[in-house]
Amino acid sequence: MSDVVLEKVSRHFGDFVAVSDVDLRVAQGEFVTLLGPSGCGKTTTLRMVAGLEQNTGGRISIDNEIVSDAASRVFVPSERRRLGMVFQSYAIWPHMTVFENVAYPLRVRRRPADEIRDRVLKTLRLVEMESFAERPAPALSGGQQQRVAIARALVFEPKVLLLDEPLSNLDAKLRLQMGDEFRAIQKRLGMTTLYVTHDQSEAMALSDRVVVMDRGRIQQVGAPEEIYRYPANRTVAGFFGTPNLLPANVEACARIDGGRVRLDVAGSGWRGRCEAAIEVPAGGAVTVMVRPEDIRISDGADDDGLRWSGRIAHTIFRGATIRAVSTSTRPPSAATPSATP
Amino acid sequence: MTLSADNRVSELVAAPRSRGTAWWPSLGGTPAGRFIGMTLLALLLAFLTVYPLSMLLYGSLHSTPPGAAGVFNLDGYRDIFTQRNLLVLLNTVGISLAKTAPSVIVAVFLAWILARTDTPFRGSLEVLVTLPFFIPPILTAMAWGMLGNPQVGLLNQLFQWITGSTASPINVYSYGGVIWHMSQYSIPFLFLLIVDAFRAMDPSLEEAARMCGATRLRTFFTVTLKLMLPALTGATILSFMRGIENFESPLFFGSPAGIHVITTDIYDSINQRSPPQYQYATAISFVIMALMFLIILLQWGLLRGRSFQTVTGKGYSPAVMKLGKWRWATFAFCLLFFVITVVLPVGQLLIGSFFKFFGFYDWDMLTLDHYREVFGSDEFWHGFGNTMLLGFMGATLTMGLGGIVAYISVRTRWRGRRLIDAMAWLPWMMPGIVLGVGFLWGFALLPHAIPIYGTIWALLLAYISLGTPLSVRVMSSAYAQLSFDLEECSRVHGASWLQTMRHIMIALVWPSFAVGWVLVFFGIMRELSASVLLYSVNSEVLSVVLLKLWANGSAEQVSVIGLLMMAMVIVFRWVQLRVIRKWVGAL
């Protein structure tokens, strides 16, 4: 059971609270992403798991072994936690060759030379860098450095893999490719992975579960689709895509199957039906989230969703989609239909 | 890649799963070990910097020479307030100002030529222009003493031979001579400090000014120079401080002409007066330190809030100005500077070493006797051995100490790191001669069980103390360039603190260590002012041997030794440029 458990983990810098009461349980082989805007505490959380930062409150255990407990002053230093980590800057040591970089975790563990050569070459083959083994590290491109960093993190089969925004320094095309490759390797190796990013599309594409953080606290934990469909609050909703948020009042409320609730709502000049996680009494004020891709531009009444009319002010061509911005006396909205209207 | 990922993964999974258990004890991590280490380091630094400083205070209040019984009084300070000393103070400040101003102008001009124009052979010229900085000042002082001697100097002889007159227009034993000699060092010093600022400046800032309609000249004055101002101010103040600390130039060219500055006054009151006036010398040491401290305050005041950020580390290729025909004029200017500051003095030493008597240059006076004499003299070999031993040991220990202090102050958040950093910085405001006086008192007052006084170790300790601010600076900037990720990544992947230090940090900063090492070695080889106070029989270093020979009038032997030292300088500088520059771009 290579799971990572965080119980009430906090980190204070003086008066400043960087991370507050984080509870998280990562199962064996699971790919969990910490997602949030910069300064939300996601990197600090990862660094506490790595042992690069000491938590001022709570307990962290890896593989059923407590590695850091603020109450009983247990603190296992980074090097004894048997982790692999990919840094945002890749942290490729410039004075070593590719081979030496990848061999480092094995060398400090005093493995025999032939085993080191075997495993380094196998891992380099895994990231398709075997032909670069003797290259000096500074002579690599960003994508190649990233592969080396991943190889180095994988070479000694760590219990847990930590990744701190590993794709953020790559260009858009390479980012997609590396992300896919990375997920494929992780799935096959079945390695427990904690991944930090501020890019929501990256988080959705890669993760089994996403942890949305803001101002040092966990806002929501769930599968990507769950978070996308049913955000727990406005912050989470705002973080995924560019939804339209409409203030409205509840007119009626009814339970439907699956524990969800159907609300009849009315805004200024529009009314309709939507889903909610909790019951709201009639007359209560709510915010209705409408994702642009769910909006259909039509000329007549058809289904029982929300409906309002307005004039399209302008459209923006985005390649696969077209973004339409409408103005009216009613709520401003943006629609991004995936098909032509 | 995803297609074949499965095969590759299965290979990896099949790898042997045995794991090593050879964990190193993480010494750096345990609080107790850290505390002991920090305490030892603080004590060592206190002995090297705080101790001589406090001994200065003690000595300035003590009526008799070090080691003798006496009373405490304020006579030393009372003696300072004389009219003569006002002149000494004015001389000190005035000479330093007079040499700094023209030096800055020449240095900016040289930096601009070599960094921002298409002058031919810029790479070689840069090496030549900076060479004077690395030559021990005592050598050029002696060479210029011969070149510019009013009676028999080579320059005057040339002038008389060309014009046919009997006048001797050049006399280096004057204010002009002191300033002239100091400038030869300030110009390359300033150049080294500012040239990278010129080189690293983002050219788009200048291009923007050009696009707004400014001419080249206007751009230079309103943008380039303005952006350089913080770097330039810092360098100028540093150069001014060095002028106040300077010992060789006023000793060689000022003292014979009756021009005294504070450093030579300290030297004279200990070495030239009978009985030596230690209390006075110590008290006046405080005056020069107060002066230095005021300048440092001024520097902090001026530079606070100024950003050096326009000069970034990015690899810009600076816009090079096309000079057309004028590039040969700038080339000639650089070459002329090299000829005057290096070729003339070295040529004089070369000529001086082969003629029987300095000043009488006839074919039948040619001889190799001086070489024989020097190589047959025990004194020379002794001094040479001492200088080499002190140079190698001193440079290694100084850089080691600097590396540790810099690591703690830059890379850790340990308690007490600021104290250690401040202590290591303290010698920065102590000129060599002042530190020499402080250690003189300090060693004399040590218990007799610690016989440092009068040994070579006294010099070693003084050299380490003098070199520490530089070594900390060099190593700090080396550490500051390394991202913390490099260190942390090693820890996460299983290396202990010690292993990380060895494989990552030391491996990465050692080129800077080597650069610093050579600089400190140069510093030790040229050091005169502290050595002349702390040497005794059997612990003479080369610079002291030279000074003694010069005082005895053996200018010919001085030339021979000078040439040998010059050869060493060139070899070391060549090694530094050829070998070390491949690893780092610094200096």
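Q: Where in chain B is confidence lowest among the helices, and where is it highest?
A: This is a predicted model, and chain B has a mean pLDDT of 82, with 89% of its residues at 70 or more. Among the features of chain B, the highest mean is 92, in helix α11 (residues 248-254) of chain B, whereas the lowest is 47, in helix α1 (residues 5-13) of chain B.

Q: Over which residues of chain B does pLDDT stay under 50 while the model has 16 contacts beyond four places in sequence?
A: Two stretches of chain B have to be considered here. In residues 8-28 of chain B, pLDDT stays under 50 and the model has 37 contacts beyond four places in sequence. Where pLDDT is low, the predicted coordinates should not be read in detail. The stretch of chain B with 16 such contacts, where pLDDT likewise stays under 50, is residues 307-316.

Q: What share of the contacts in chain B with a separation of 6 or more comes from residues 24 or more positions apart?
A: Chain B has 24 helices and zero strands, and 43% of its 587 residues count as buried. Among its contacts with a separation of 6 or more, the share from residues 24 or more positions apart is 79%.

Q: What distance separates the centres of domain 1 and domain 2 of chain B?
A: Chain A is divided into domain 1 (4-234) and domain 2 (242-335), and 38 Å separate the centres of these two domains of chain A, taken over C-alpha atoms. Chain B is divided into domain 1 (50-352) and domain 2 (377-587). For the centres of domain 1 and domain 2 of chain B, also taken over C-alpha atoms, the separation is 21 Å.

Q: How many residues are nonpolar on the side of domain 1 of chain B that touches domain 2 of chain B?
A: The contact between the two domains of chain B takes 41 residues from domain 1 and 41 residues from domain 2. On the side of domain 1, the elements that each supply at least two residues include α2 (31-61), α13 (278-303) and α14 (326-354) of chain B. The residues of that side include six polar and two charged ones, and the number that are nonpolar is 33.

Q: Is B:Val545 buried or exposed?
A: B:Val545 lies in helix α23 (residues 542-551) of chain B, and, not counting residues up to four places away in sequence, B:Val545 touches B:Glu379, B:Phe380, B:Gly383, B:Glu540 and B:Ile561. The C-alpha atoms of B:Val545 and B:Phe380 are separated by 7.0 Å, although these residues are 165 residues apart along the chain. Because 24 other C-beta atoms lie within 10 Å of B:Val545, and the cut-off is 20 or more, B:Val545 is buried.

Q: Which strands of chain A stand at the edges of the sheet?
A: Five strands of chain A form an open sheet with antiparallel pairing, in the order β2-β1-β4-β5-β6. Two strands each have a single partner strand, so one side of each is left without a neighbour in the sheet, and these edge strands are β2 (16-26) and β6 (74-75) of chain A.

Q: Which residue takes a positive phi near 55° in the hairpin of β4(A) and β5(A)?
A: Strand β4 (residues 57-62) and strand β5 (residues 65-69) of chain A pair in the antiparallel sense over four bridges, and A:Ser61 has A:Ile66 as its bridge partner in β5(A). Their hairpin has two residues between the strands, and the residue with the positive phi near 55° is A:Asp63.

Terms used: Residues numbered from 1 in each chain as written. Chains lettered and ligands numbered in written order. Predicted model: local features only at pLDDT ≥ 70, side-chain atom pairs only at ≥ 80, totals over all residues. Buried ≥ 20, exposed ≤ 12 C-beta atoms within 10 Å, placed from the backbone. Contact = placed C-beta atoms within 7 Å. pLDDT = per-residue confidence, 0-100. Domains from an automatic or database assignment. Nonpolar A, V, L, I, M, F, W, Y, C, P; charged D, E, K, R; others polar. Pairing = 2+ DSSP bridges.
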